[in-house]
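Subject: Handing over a structure

Hello,

Here is the structure I promised to pass on to you. Have a look at it first, and then read on for what I found in it.

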2 protein chains.
Amino acid sequence: AIVEALLGAYEVGSDARTDLAGRRVLMTVGPTREAIDPVRFIGNRSSGKMGYALAEALRARGARVTLIAGPTSASAPVGINRVDVESALEMEAAVMARAADCDLFVATAAVADYRPVCAADSKLKKSADEMTLRLVRNPDILARVAALPTPPFTVGFAAETEDPEGYARGKLAAKRLSLIAANRVGAGPGGFESDENALLCLWPDGGRRELPLMSKPALAKALADLIAERYAKRDATSLAS
Amino acid sequence: AIVEALLGAYEVGSDARTDLAGRRVLMTVGPTREAIDPVRFIGNRSSGKMGYALAEALRARGARVTLIAGPTSASAPVGINRVDVESALEMEAAVMARAADCDLFVATAAVADYRPVCAADSKLKKSADEMTLRLVRNPDILARVAALPTPPFTVGFAAETEDPEGYARGKLAAKRLSLIAANRVGAGPGGFESDENALLCLWPDGGRRELPLMSKPALAKALADLIAERYAKRDATSLAS
């Protein structure tokens, strides 16, 4: 047991970099659920695995991580501050209450774009053969954080089934993000509910790095490397843009 | 270890009843997910815990249980036949392929009443401030099974926020079920996502039994007792009705 403890300490020591030491990282993770009535909801297939793996990778670099977490079945990492929320509006409130006090904001959550106009208080009765559900846009939490007077370093994600690079480049510019990571979902391996993933990372002024298909923990470490690297160069980027 | 094994065997022996020995039980469990597009879906809060606990309680009485299971985060019991499905249509197909060959059908799943008219092949783009989602009724799996020429003993559940007894009595009669168990969700303890529950059980000709708030495993045993009791009297009931 002593040998294991020494080896464990050695591995942590050899793996740890401290380039994010003391940096305050606010992260969203998991899906949101938008209530239709007390039992039904609109959800999405985000497992939260990538977000949790990234939280661990950033903490391993010395960052002080706070998670705002939607309902996931993945096991949350132990020992990391976590605030559980369910809907996009709850996630927005939890983020905006803390966004002014963070150095980096990493938006891994798959926030529902729309919610039902009003959730019913009691379970809806099934009667008609067809029904329509009226939906209204949810707030764009990442855009709100990036638009703060002195925004943190913002990292976004794009999960599109078609033209992920073009879509991600547009989102990066439109929301004035510091970094965006695009993956392909609903086609081939990787993405939601998978244990593996691949990412294409983009940053302003045409910066670009491919992170090939690998396990989510390995990919999270590679992405944490890139986040730390781009964060270190943040002032140069903002001067150049 | 030998003492533990002996005690274990003794406990199983003392607890086990064999009144369902060899009976083939087909059960549905968990929620269904109805795809809106490759990443979004309509889900519900069924945890599957009650269904899994009931499957174990019925197996402990000697039944041969087959589960048709929607996506749940609860751990499925080991050693029980299970067929994983996602949507109501998939659940219906899996059930109807097996319904003629079972003695009891126990419908614990919270099947979505509606599904989107057509699921989009690629992820829907967010553009408008509002949108409407057109939904169409899903098949009523329990009613289809109960309407078979020689139906199995059918057990249904009712999870209503208002007047559970009146609603359950109506559902029992309309679908010609053998037994129905009603619980109250979205109000107070018990129900979906809870570890405890209470049930009001009804059967034809005014039969009625309250199973008070208790842990889901304990409640599952009490319900399995009642199912076995009512199943033993099935011929008397059908003669009387």
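Please keep in mind that this is a predicted model.

I began with one residue, Leu199(A). Leaving aside neighbours within four places in sequence, Leu199(A) is in contact with Met50(A), Ala181(A), Ala182(A), Asn183(A), Arg209(A), Glu210(A), Leu211(A), Leu219(A) and Leu223(A). You will find Leu199(A) in strand β11 of chain A, which covers residues 196–203. Is Leu199(A) buried or exposed? Its relative accessibility is 2%, so Leu199(A) counts as buried, the cut-off being under 20%.

Now for chain A as a whole. Seven helices and twelve strands make up its list of elements. Chain A has 241 residues, and 49% of them count as buried. Its accessible surface is about 11,200 Å², with 52% of that belonging to carbon and sulfur atoms. If you take the contacts in chain A between residues at least 6 apart in sequence, 62% of them join residues at least 24 apart.

Within chain A, β7(A) and strand β8 (residues 130–137) run antiparallel and are joined by three bridges. To see one of these pairings on screen, pick Tyr114(A), whose bridge partner in β8(A) is Arg137(A).

Finally, the largest pocket. Its volume is about 650 Å³. How many residues line the largest pocket, and which lie nearest its centre? The lining has 27 residues, and those nearest the centre are Arg33(A), Ser73(A), Arg33(B), Thr72(B) and Ser73(B). Strand β3 (40–44) of chain A and strand β3 (40–44) of chain B also take part, each supplying at least two residues of that lining.

Enjoy exploring it, and do write back with any questions.

Best wishes

Terms used. Residues are numbered from 1 along each chain as its sequence is written. Chains are lettered from A and ligands numbered from 1 in the order in which they are written. This is a predicted model: local features need pLDDT of at least 70, side-chain atom pairs count only at pLDDT 80 or more; totals for chains, interfaces and linings use all residues. Side-chain values use heavy atoms; hydrogens and water are left out. Helices (H or I, at least four residues) and strands (E, at least two) are DSSP runs, numbered from the N terminus. Buried means under 20% relative accessible area, exposed over 50%, partly exposed in between (1.4 Å probe, protein chains only). Contact means heavy atoms within 4.5 Å. Accessible areas come from the Shrake-Rupley method with a 1.4 Å probe; for residues, only the protein chains shown count as cover. Two strands pair if DSSP finds at least two bridges between them. On a 1 Å grid over the protein atoms alone, a cavity is a set of points where a 1.4 Å probe fits but cannot get out, and a pocket is an open set with protein on both sides within 12 Å along at least five of seven lines; lining residues have an atom within 4 Å of a point. Grid points are joined across faces, edges and corners, and a volume is the space filled by probe spheres set on the points.
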